[in-house]
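Biologist: I am new to this structure. Please take one part, the salt bridges, and go through it closely.

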Amino acid sequence: MYLYVEYVKVLAAYLALLYVWPSIVFYKYLRGKGLTFRFLFCSTVQVVLINGVILGLGLLHILNVWVVRGLFWGLPVITVLFSLRGCVRQTVWGEWRRNLQLGQNRGKMFLLHACKCVSVRTHSIFQNYKGRLVEYLLLLAILIFGMAYFSIGTFCDYSYGNYDQYTHFQWILKLKQGQIFPNGIYPEAMHCFVYGMRYLFGVKLHSCMLFLAGIQIVTFLTAAYCMLKEVFQYRYMPLFILVVWLTYDSGISGDVLDKMYLSMTRLTWTLPQEFGLYLVFLCPLLLIRFFKTRRDDLVIKLWYKNENLLLLMAGVGAAVSTHFYVLTLAFFMCLAVAMVYCWKMLSVKRVVSLTMAVTSGMVIGALPMVIAFFTGIEMQVSLWWGINRFQGVSEDAVKLNAGENASLITNVFSEFFHKGYVAILGEYGALDLILASITAVVVLCGYCLYCRRGGSDIKRLPAGAAEGYLFIVFASVISVFLYAAPYIGFPEFVAVDRIFSILRMMVYSVPWVLLDLCLFFRKTKWRGKGAGRRAALVCILIYGIAYFADFHEYLFSVLKRYNVAVIVTDEIMDAYKDSSYVVVSMFDESGQIEETGCHMELFTFLQNIRQEEYNIPVEYIFLYVEKRPLVQGQIHHFEGPGWLASKSLLLANNAEWKSQCPDILHTEISREASYQEVDYNQNAWQSYLNKTIRTILCSKAYYWYESFEQEYPGETSVYYEDEDFVCYRIRQDVKHPLNLGQNSGQ
C-alpha cells in the first residue's frame, strides 16, 4: 500500500496548494464567482504567486523553509480568523447568546445552529449546480480515467521515467538550501510549486516528482474542457472530444507514431513543459472572453479591473515562468484567436488594454530571471538548446530540414499537406478533416448571413459562436503547421515530439463543429429533458468504438533501476537519521535521497577502495548491488487492465533495446567480470549507461563484499536480497570506522 498512500498524499497536497489555498486567501474576491472563474483564477494566479514569492526570497538571500511556511500558512490562518470572527459575531454567537438568555442548553443549541448553517449552505450549492449534475459527474469520470491512464506507469515502474527528472529533483533540493537557478537561469515555476508541496505539506520529494504528472493531467483536461465549453454551444460536446482524445489512437504509424507516443508519454513525467501545458488552453480561452466583452466596459488606466485581462496577465506570467515552449504554444493558440477577432483589434482601447495586460504578465513572469541575469547568473544551457532548435542549427533540426528547403519555394502547400495532415492522419483522415473544416466554415458563414438578415424560422446564432468555431479550425491548422514546419523549411518553433498532446486535442475538435451546429439549429430532444443520460450513452458509445476499433495503448518509461531499490531506499530513509547512514549505489538513488551527503556513487566507492586505507565515518553503510545489472535506458512498456488501455505494440528501432513489461533486459555478474578494469577517469553517470561497464562495477562490488564479510562478519549483514538485487548493511563505530580499502578480495 506504500505507493497508493504516497499517491493520495501527493494528490491532497496538490489540490490544497493549487486550489484550496487561494480559495481561502482570496475568498472575498472569489465570492459569488462561478466554478470556471475559480478554476481559471487558482490555476494561473497561484502558480505566479508561488514562483514570485520563492524566487523573490531567493534573490533577497532569505529563502528558508520556515520563512516560506510562515508566509504561506500565516495568510490563510489570518484570513480564516477574520472571516470567522465576523461570522460568529453576526450569526452563531448571536444565536448562542439568545439561547443563553432563554435558559436553553448552550452547547447543544450552538452545535445545532452551526449544523443548520452548514446544511443551508450545502443545499444552496446543490440547487445552483443541480441542472449540471450529470455534466459534472461525466467530467469527473473522465478526469479519473485520465488520472488512471497517465498514473498507472508509476505503479509499474517506481522510478522516474526520464533522465531530466533527476536534474529537476536536484534543483528543488537547491531551493531548500536557499539557492535559486543553481545551474543557470531557467523557468522555475514547476520547481517552486513542488518545493511548496514538499515543505508545506511534508510529502516526500521523490513521491512528488513521481506522481505529480499523473495528477496534473486533471488540470490539463479541465483547462481543455473550459476552452471547448467556451466555443461549442452544446454543453456536452467538450466531454465527447475529451473521451475521443483519451481513448482513440490516431491510426498513424512509422516515425510519426514514435513522436506521438513520446509526446503522450511525456505527460506521465514530471517536467516543466508538461506541467504548464494547460496554459496553452487557458490563455486563448481568456483572450476569447476578453474579445466578447463590451468595449464600453474597458478603461485603459484601470485595465486590471477587467477580470479576463487580469487572469490573462496571470496566465502569461505563469507561461513565462514555466517553460519557453509553453509560452510559444500559447502564443500560437492566441494567434488563432487574433485571426478570428482581427476586426476587433481595430479598437485602440482594446489593443492598448490587451498590450498592457500581456506586457505586465511577461514582466511578472520574467522579472526574477531578469534580475538574476543582471546579478551575474548565466543562462542555463537548455535555453540555448531551444534557441538552436528554433534557428534550425541543432543536430535534430538539421536532420529534419535536410533536403526540404526547396519545397518551401516550389510547393509549400502541397508539402504542408503531406508532411502535416497526411503524416498525422493518413490520406483519408486528412481529406476528411479538410472537408469538415471547409464545410464548417461555409455553413457557418451562410447561417451568420441569414441570421443577420433577420431570418425568423431558425434560431439566431449566439454572439461569438461563429468566431469560436473559426478559432477551432484556425488553431488546428496552426498546430499541424507547428508539427510540419521543420519538414518544409521553416524554423522548428517547438520540438515536434512535444506538441502532439495539444495537436490531437485541436485536430479532434474540428469534426465536431458540424455536429454542434446541427444540434443547435435543430429542435431536437438531445437538448431537452434527459439530455444528460443521452450524453452519457454517447460517451460510452465513443469509448466502445475506440475500444474495438483503435484503442489507445499503454505508454512507456525509460527503465533505470529495479522497483525494489525504490522501496528499500524509502525504508532506509524512514528508519535511519540522515546523518547516520550513506547509501552506496549507482546514480538513480540520488534522485530519491533528499539530503546531500547521504548518497555516494558506486563508481566513486569502487575507485576509493583501491587505496590501502579508506573509510566512511558514518554509522551505517548500505551497499546496493544489482545481481542482474539492468540494460540502462531500455524502453519499458507498461501493463494494466484491458479496459484502461491495450497492450503496447510500439517497438524500439533497435531490437537490442526492446523491452516489454514485465520482462527486463539484463546481464549477469560474474567473478571473471570482477577482475576486469574500468577507466575511473570518465564520468560516473556515463559509465552506468554502458552495460559492460555496469556489469563490471556490480561484479566488483558483489565480490568485494564477500571478502569484506569474511573479514568483518559481526559488522556486516544482508538488509534485503532477491534474485535481481541485494542490499548489504555495514555497521561501524563512527569514532573508529572500518578500513574499506584493499583486502583479500581486491
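Modeller: Start with R561, which is buried at 3% relative accessibility. Buried means under 20% relative accessible area, exposed over 50%, and partly exposed in between, with a 1.4 Å probe and protein chains only. The model is predicted: local features need pLDDT of at least 70, side-chain atom pairs need 80 or more, and totals for chains, interfaces and linings use all residues. Residues are numbered from 1 along each chain as its sequence is written, and side-chain values use heavy atoms, without hydrogens or water.

E589 is buried too, at 4%. E589 and R561 form a salt bridge, with their closest N and O atoms 2.7 Å apart. R561 sits in the loop between strand 1 (556-559) and helix 25 (563-575), while E589 sits in the loop between strand 2 (581-585) and strand 3. Helices (H or I, at least four residues) and strands (E, at least two) are DSSP runs, numbered from the N terminus. A salt bridge needs a Lys or Arg side-chain nitrogen within 4 Å of an Asp or Glu carboxyl oxygen. That rule gives 17 salt bridges.

Another one joins K33 to E307, at 2.2 Å from N to O. The two are 274 residues apart: K33 is in the loop between helix 2 (27-30) and helix 3 (35-59), and E307 is in helix 14 (residues 307-322). K33 is partly exposed, at 23%. E307 is also partly exposed, at 30%.

R610 pairs with E677 at 3.9 Å, N to O. They lie 67 residues apart. R610 is partly exposed, at 41%, whereas E677 is exposed, at 54%. Finally, shared partners join K204, D570 and D574 into one salt-bridge network.
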